[in-house]
Amino acid sequence: MSMSSSSLSSTMDAPAEDQVTAALRLGTPEALDQVRKLTDVGAMTRILHECIAYQRALELELDNLLSQRTDLDKQLSNLQKSAQVLDIVKADSDHMLTNVRSTCDLADQVSGKVRELDLAQSRVNSTLSRIDAIVERGNCIEGVQKALETEDYESAAKYVQTFLRIDSEYKDSGSDQREQLMASKKQLEGIVRKRLAAAVDQRDHPTILRFVRLFSPLNLEEEGLQMYVNYLKKVIGMRSRLEYEHLVELMEQSSGNQSNVNFVGCLTNLFKDIVLAVQENSEILRSLCGEDGIVYAICELQEECDSRGSSILKKYMDYRKLARLASEINSYKNRLSVGAAEGPDPREIELYLEEILSLMQLGEDYTEFMVSTIKGLSSVDPELGPRATKAFRNGNFSRSIQDITGYYVILEGFFMVENVRKAINIDEHVPDSLTTSMVDDVFYVLQSCLRRAISTSNINSVLALLSGSISLLGNEYQEALQQKMREPNLGAKLFLGGVGVQKTGTEIATALNNMDVSSEYVLKLRHEIEEQCAEVFPTPADREKVKSCLSELGEMSNSFKQTLNAGMEQLVATVTPRIRPVLDSVGTISYELSEAEYADNEVNDPWVQRLLHAVETNATWLQPVMTANNYDSFVHLIIDFIAKRLEVIMMQKRFSQLGGLQLDRDARALVHHFSSMTQRTVRDKFARLTQMATILNLEKVSEILDFWGENSGPMTWRLTPAEVRRVLGLRIDFKPEAIAALKL
């Protein structure tokens with residue numbers, strides 16, 4: 001009993017000991033403790049075998065290490081020899097270090113000596129320079145005095161400049177010399193100012209240039225610039241005043257002859273004087289204050305432009321009585337709304353418009369040139385550029401231009417309206433033309449006025465005139481276009497006694513042609529205005545404003561087309577009643593044909609030729625008096641009427657297969673003939689009729705599936721599935737059951 005329990009205990013402990021032996025690491029102190037704890041013989045045996053194997057591995061490793069002993073001994077011997085060499089190298093290195101240190105100390109001593117010599121030399125040079133400066137200053141003082149005695153002011157100015165340069169370098173010596181020189185400088189400044197003022201009074205330009213150039217060496221550049229620019233202003237002002245006074249004399253003497261008074265020439269001369277003053281004096285201006293001097297001169301001379309230029313414009317507005325004229329135009333508009341009235345003469349207004357345009361263009365070109373001149377300067381004070389530009393855009397002259405622009409818009413608007421109305425009132429037939437005189441005249445007036453408005457380079461003027469032109473086209477002009485088509489009993493007048501009346505037909509065709517050509521002219525006018533505005537107005541904001549107005553102009557083209565379509569339908573409505581009897585007779589024609597009847601129809605056409613003859617008789621006589629586009633539209637509207645009427649008639653008939661062939665032949669004859677009457681395609685007009693003929697030609701009902709759905713190929717079916725079944729039902733030999741069974 002005890003043996004069995006002992007055996008059971010050993011059996012239960014065996015797995016735990018197996019885990020211990022599995023984790024055993026031979027050669028470590030922990031392994032010995034674990035071996036002592038073993039109680040199982042099998043585990044001990046396994047550990048024993050592992051220890052033997054471990055011992056053998058250690059012996060092999062030991063043998064391997066012992067085999068390397070000879071090589072290790074040799075290497076150790078070599079290292080001992082190398083150690084002796086290293087001792088020698090260390091001794092040599094110490095010796096070299098000692099030599100380098102001594103050399104370094106010597107170099108420090110030499111460089112110190114050199115620095116002392118350099119300092120001494122620089123002091124000597126400074127002393128020599130100071131001595132030279134003292135001598136030179138003495139020479140300058142002597143030279144100034146002698147130059148002043150001989151009136152050689154250029155040399156005197158150079159001596160002063162030299163002294164001032166030397167004095168700025170050596171401020172700690174020569175105070176007596178400085179006082180002497182400053183006294184001479186002050187004397188020279190007084191002489192230069194006095195001589196310059198005298199030369200300015202005498203307009204002695206060479207002398208003025210001589211003394212202005214002396215301000216730079218005296219460090220008086222800004223004063224010199226101011227005096228010289230003031231001189232230029234006086235010269236320009238005097239010349240402009242003389243021109244202006246001459247202009248006033250001509251105004252007083254001209255009485256009725258207004259052509260002698262040349263405001264444009266007067267303003268041109270003012271601008272020319274200012275531009276030449278800047279260009280011809282740019283060198284002296286640069287010598288005084290660089291490019292800033294040029295900008296200063298431009299700004300100062302602009303004041304003269306503001307003064308003299310605005311006076312010229314105001315005198316022009318007074319002379320032409322533009323304020324009174326604008327008031328008369330506004331009053332005329334008010335009187336016109338309540339009854340007939342007589343306004344200013346448009347021919348006189350046109351003369352004023354050309355003058356105003358020239359004055360505005362002059363101002364814009366001058367301003368643009370001067371602003372671009374400022375922007376073209378590279379080394380200008382950043383604050384001067386914007387200030388100069390503002391001076392040009394906000395000065396008195398600019399305000400006068402704005403005033404005259406306001407008058408221009410009123411006059412141009414009046415001129416445009418009156419001439420358009422005149423063109424409408426004197427509208428007449430033009431020989432060898434498809435339109436009346438009104439169309440070309442009206443659009444010529446609009447084109448001329450809008451071109452003139454764009455030439456002003458004023459966006460508000462362009463927008464105002466564009467708006468006015470759109471209003472004219474949409475109201476009075478469109479009313480004139482529709483006037484002929486609104487006449488009562490137009491159809492009766494067109495076909496008097498059953499025959500087309502050539503005079504009435506020409507009048508109607510011309511009215512429709514006016515609408516067609518006007519629609520094209522509007523688009524051309526829009527394209528031209530858009531191109532010109534893109535060149536004149538580069539800013540996105542201005543372009544957007546113009547684009548908005550031009551879109552309204554484009555809508556006018558659509559409005560004219562709608563008016564044209566309505567008029568064309570009205571014309572067609574007078575023609576179709578003369579074709580309807582022939583179409584109604586088709587209802588009596590049988591399509592349940594035998595072979596004999598089919599063959600007879602081939603020789604004796606039952607209705608197609610009569611229909612085509614009716615169309616030719618009632619339509620083609622209008623072709624010579626219609627535009628190509630209008631005649632095509634006219635023919636197509638007639639075709640629409642015929643095709644729709646034939647579809648209705650054919651849907652009420654019964655067909656044999658030969659009847660279907662007959663319908664196909666009739667449809668082809670119609671397509672062929674109408675294709676020769678118009679430049680546009682007509683096949684789509686007869687597409688439904690042709691497809692009906694195709695269906696009625698089938699051998700049996702199921703053949704429709706060869707042409708339907710995925711099998712349709714390039715053909716697009718215009719008939720719905722319900723209409724296809726209905727057409728199939730027109731065949732006398734097709735059974736309704738077969739038709740109903742179709743899956744379309």
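Trainee: Is R688 buried, partly exposed or exposed, and what is its relative accessible area?
Mentor: Buried means under 20% relative accessible area, exposed means over 50%, and partly exposed lies in between (1.4 Å probe, protein chains only). This is a predicted model, where local features need pLDDT of at least 70, side-chain atom pairs count only at pLDDT 80 or more, and totals for chains, interfaces and linings use all residues. Residues are numbered from 1 along each chain as its sequence is written, and side-chain values use heavy atoms, leaving out hydrogens and water. R688 is partly exposed, with a relative accessible area of 23%.

Trainee: Which residue forms a salt bridge with R688?
Mentor: A salt bridge is a side-chain nitrogen of Lys or Arg within 4 Å of a carboxyl oxygen of Asp or Glu. Here the closest N and O atoms are 3.0 Å apart. The partner, itself partly exposed at 23%, is E723.

Trainee: How many residues apart in sequence are the parts that R239 and D273 tie together?
Mentor: R239 forms a salt bridge with D273, with 3.3 Å between the closest N and O atoms. R239 lies in helix α8 (residues 221–254) and D273 in helix α9 (residues 263–280), so the parts tied together are separated in sequence by 34 residues. Helices are DSSP runs (H or I, at least four residues), numbered from the N terminus.

Trainee: Where do K90 and D94 both lie?
Mentor: K90 and D94 form a salt bridge, the closest N and O atoms being 3.5 Å apart. They are four residues apart, about one turn of the helix. That helix, covering residues 69–149, is α4.

Technical notes:
Helices (H or I, at least four residues) and strands (E, at least two) are DSSP runs, numbered from the N terminus.
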